[in-house]
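Student: Could you take me through the sheet of this protein, slowly and strand by strand? I would also like to hear what lies around it.

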Amino acid sequence: TRLILATRNTGKIAELKAILADAGLRHELVGADAYPDVPDVRETGVTFAENALLKAHALARATGLPAVADDSGLCVDVLGGAPGIFSARWSGKHGDDKANLDLLLAQLSDVPTEHRGAHFACAAALALPDGTARVVEGRLKGVLRHKPAGTHGFGYDPVLQPDGETRTCAEMSPDEKNAISHRGKAFRGLVAVVRELLG
Ligand code: ITT
């Protein structure tokens with residue numbers, strides 16, 4: 001069966017394909033860009049899980065195929081969990097990773113290392129055309145650096161240093177990041193659900 005990935009973020013698509021292939025998923029994976037006539041759904045939910053389900057349901061209904069979606073973001077302790085579901089548009093420009101990162105670092109410039117705890121969160125959803133749906137969540141905890149480091153990954157990877165690590169996510173290889181990441185955990189969990197519902 002073909003599975004559609006309900007995202008246009010190329011950094012995410014690359015990670016998802018690697019994670020799902022490593023987990024032994026044999027389904028053919030296609031990005032939502034293969035269906036240009038399907039409009040983007042408005043992310044009106046207030047949690048990662050709600051938004052992931054909205055995206056997966058909309059694409060499954062529109063295409064008649066099983067759809068997988070991810071909603072994810074960075075939750076900063078001292079900001080009460082922000083940017084959270086607003087991570088992709090924190091600076092006002094959706095998907096401008098550099099502007100989002102620069103703004104966050106400016107907002108945290110006076111916050112010392114011991115108060116720079118944060119985590120990445122990911123909700124992974126599967127929806128079938130008949131309306132059946134499941135969602136699985138994963139987290140990666142760490143501290144935020146004062147300056148970006150590393151060139152791999154996307155988004156806030158250059159500033160999040162996972163607990164127990166000396167490197168940021170952007171200094172790790174894609175495989176190293178996927179082994180511990182919020183997205184890796186959520187989607188490895190979702191693979192079991194795909195097998196249960198789709199065989
Ligand atoms: P789609 O809705 O098309 O999937 P998007 O980028 O808008 O793409 P989200 O609404 O889920 O996706 O926003 C996720 C944002 O959170 C993303 O743009 C990054 O800024 C941040 N983020 C999520 N996972 C991340 C990761 O693994 N590493 C770094 N930043 C991440």
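Tutor: Let us look at the sheet, then at its surroundings.

A word on the model comes before that. This is a predicted model, where local features need pLDDT of at least 70, side-chain atom pairs count only at pLDDT 80 or more, and totals for chains, interfaces and linings use all residues. Residues are numbered from 1 along each chain as its sequence is written.

The protein chain has five helices and six strands; these are DSSP runs numbered from the N terminus, with helices being H or I of at least four residues and strands being E of at least two. Read from the N terminus, the order of elements is β-α-β-α-β-α-β-β-β-α-α.

Now to the sheet itself. Its six strands are arranged as E2-E1-E3-E4-E5-E6, in an open sheet with mixed pairing; two strands pair if DSSP finds at least two bridges between them. Strand E2 (28-31) and strand E6 (160-162) are at the edges with a single partner strand each, so one side of each has no neighbour in the sheet. On average, neighbouring strands are turned by 35° against each other, direction ignored. For such angles, axes are lines fitted to C-alpha atoms, for helices over the stretch in contact, and angles run from 0 to 180 degrees between N-to-C directions.

Let us zoom in on one pair. Strand E1 (residues 2-5) runs parallel to strand E3 (residues 67-76), and two bridges link them. Here Ile4 stands opposite Ala67 in E3.

Two helices lie across these strands. Helix H1 (residues 10-22) lies across E1, E2 and E3, at about 175° to E2. Helix H2 (residues 48-63) lies across E1, E3, strand E4 (117-127) and strand E5 (133-144), and its angle to E3 is about 160°. Contact here means that the C-beta atoms of two residues, placed from the backbone, lie within 7 Å.

Strand E3 also takes us to the ligand. E3 gives the most to the shell around the ligand, with five residues. Of the 23 residues around the ligand, Thr7, Asn9, Ser87, Ala88 and Gly155 come nearest; a residue counts as near if its C-beta atom, placed from the backbone, lies within 6 Å. The shell divides into six nonpolar, 10 polar and seven charged residues. In this grouping Ala, Val, Leu, Ile, Met, Phe, Trp, Tyr, Cys and Pro are nonpolar, Asp, Glu, Lys and Arg are charged, and the others, Gly among them, are polar.
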